[in-house]
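Q: I am new to this structure. Please show me how to read its features, one at a time.

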Amino acid sequence: MSEPSSWAVEARGLGKKYRRGWALQDCSFRLPAGHICALVGPNGAGKSTFLGTATRLVQPTTGSLELFGVPVADPAVLERFAFLAQDKPLYPRFTVAETLRLGRELNPRWDQALAERIVRSGNVPFTARIGTLSGGQRTRVAFALAFGKRPELLLLDEPMSDLDPLARHELSGLLMAEAAEHGTTVLMSSHMLSEMEDMCDYLVVLAEGRLRMAGQTEELVPAHMLVTGVASGDSGVPDELLRQHTVVESRVSGRQFSALIRPGGPLSDSWEALVPSMEEVLLACLRSPEAPVLITDEARIDGAGTREAAA
Ligand SMILES: Nc1ncnc2c1ncn2[C@@H]1O[C@H](COP(=O)(O)OP(=O)(O)OP(=O)(O)O)[C@@H](O)[C@H]1O
């Protein structure tokens with residue numbers, strides 16, 4: 001058994017219901033500490049809602065959530081994570097220097113040198129007021145605040161969306177270096193699948209408020225194969241493929257079929273099989289919300305189910 005603190009995130013039956021319906025439902029998984037995890041899903045999938053429950057901005061309707069073994073309702077958890085919200089809320093009248101000073105005064109483990117380095121490498125003037133900065137410059141200051149806190153867990157909601165390609169490259173490099181050097185766990189929602197592939201070693205996929213996949217990428221991605229061959233049977237997808245393997249997505253074009261599958265045994269020699277990229281697996285999974293859920297043993301949490309949220 002692992003020590004409780006070796007799990008950065010443990011969600012058990014987590015759900016949030018709004019008047020319009022469930023934004024997140026029966027979500028159960030765990031994320032071991034030290035990973036960089038992509039939180040992926042289409043618009044409205046429940047990613048921000050999940051991050052909201054982790055940061056206490058959203059009160060769950062069902063289930064529980066622990067960070068490093070501590071329930072999120074416990075104030076002791078607050079200094080262990082930093083959150084970069086999608087709209088990067090900062091005080092518009094503060095200067096950049098005043099914003100960093102606020103970070104220093106509020107956070108006992110504050111790293112001023114690191115925060116200043118992040119601001120300086122984007123040539124953002126320390127004397128400028130936040131309200132006068134471009135969207136990307138504001139994001140950089142928000143990054144500096146989040147990193148400067150030296151958290152054990154960084155929760156990032158679409159952090160790179162308004163950054164130029166150079167800034168994205170620089171800050172994603174910094175993210176990976178920080179995670180490697182300090183063992184920081186990162187949970188980051190994003191629609192940039194190919195960038196996630198370079199950075200992330202853990203995946204949590206949501207669709208329509210439900211968990212679709214969770215686990216280490218090195219386990220999830222090779223659990224899939226891209227198969228092509230000669231079409232046969234009523235649908236064009238060979239019966240043997242449908243019977244013996246889990247077909248996540250299939251397509252028939254002329255006399256050829258192609259499918260992304262989870263092999264249930266050896267594949268026929270008459271088909272060509274390739275290991276897909278993470279992006280190909282994610283795209284197929286997102287296009288096929290009816291495909292069976294895949295959660296690795298490491299990410300699976302026992303005894304989960306929908307119940308009233310812990311007070
Ligand atoms: N405060 C709210 N009141 C009512 N419904 C809400 C509220 N916040 C979110 N929702 C609904 O919950 C669902 C999940 O929204 P959420 O913002 O978590 O999705 P998301 O995966 O972050 O989407 P995106 O990729 O577009 O940012 C959506 O259907 C949304 O309309």
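Q: Which element gives the largest share of the shell around the ligand?
A: Helices (H or I, at least four residues) and strands (E, at least two) are DSSP runs, numbered from the N terminus. Here α1 gives the largest share of the shell, 3 residues. This is a predicted model: local features need pLDDT of at least 70, side-chain atom pairs count only at pLDDT 80 or more, and totals for chains, interfaces and linings use all residues. Residues are numbered from 1 along each chain as its sequence is written.

Q: Which residues surround the ligand?
A: A residue is near a molecule if its C-beta atom, placed from the backbone, lies within 6 Å of it. Among those around this ligand are Tyr18, Arg20, Gly44, Lys47, Ser48 and Thr49.

Q: In what order do the strands of the open sheet stand?
A: Two strands pair if DSSP finds at least two bridges between them. In this model 4 strands follow the order β2-β1-β4-β5, with antiparallel pairing. β2 (21-32) and β5 (70-71) are at the edges with a single partner strand each, so one side of each has no neighbour in the sheet.

Q: How many bridges join β1 to β4?
A: There are 5 between β1 (residues 7-18) and β4 (residues 62-67). For Ala11, the bridge partner in β4 is Leu65.

Q: Which strands does helix α1 touch?
A: Residues are in contact if their C-beta atoms, placed from the backbone, lie within 7 Å. Helix α1 (residues 47-54) packs on the sheet and touches β1, β2 and β4.

Technical notes: Contact = placed C-beta atoms within 7 Å. Axes fitted to C-alpha atoms, helices over the stretch in contact; angles between N-to-C directions.
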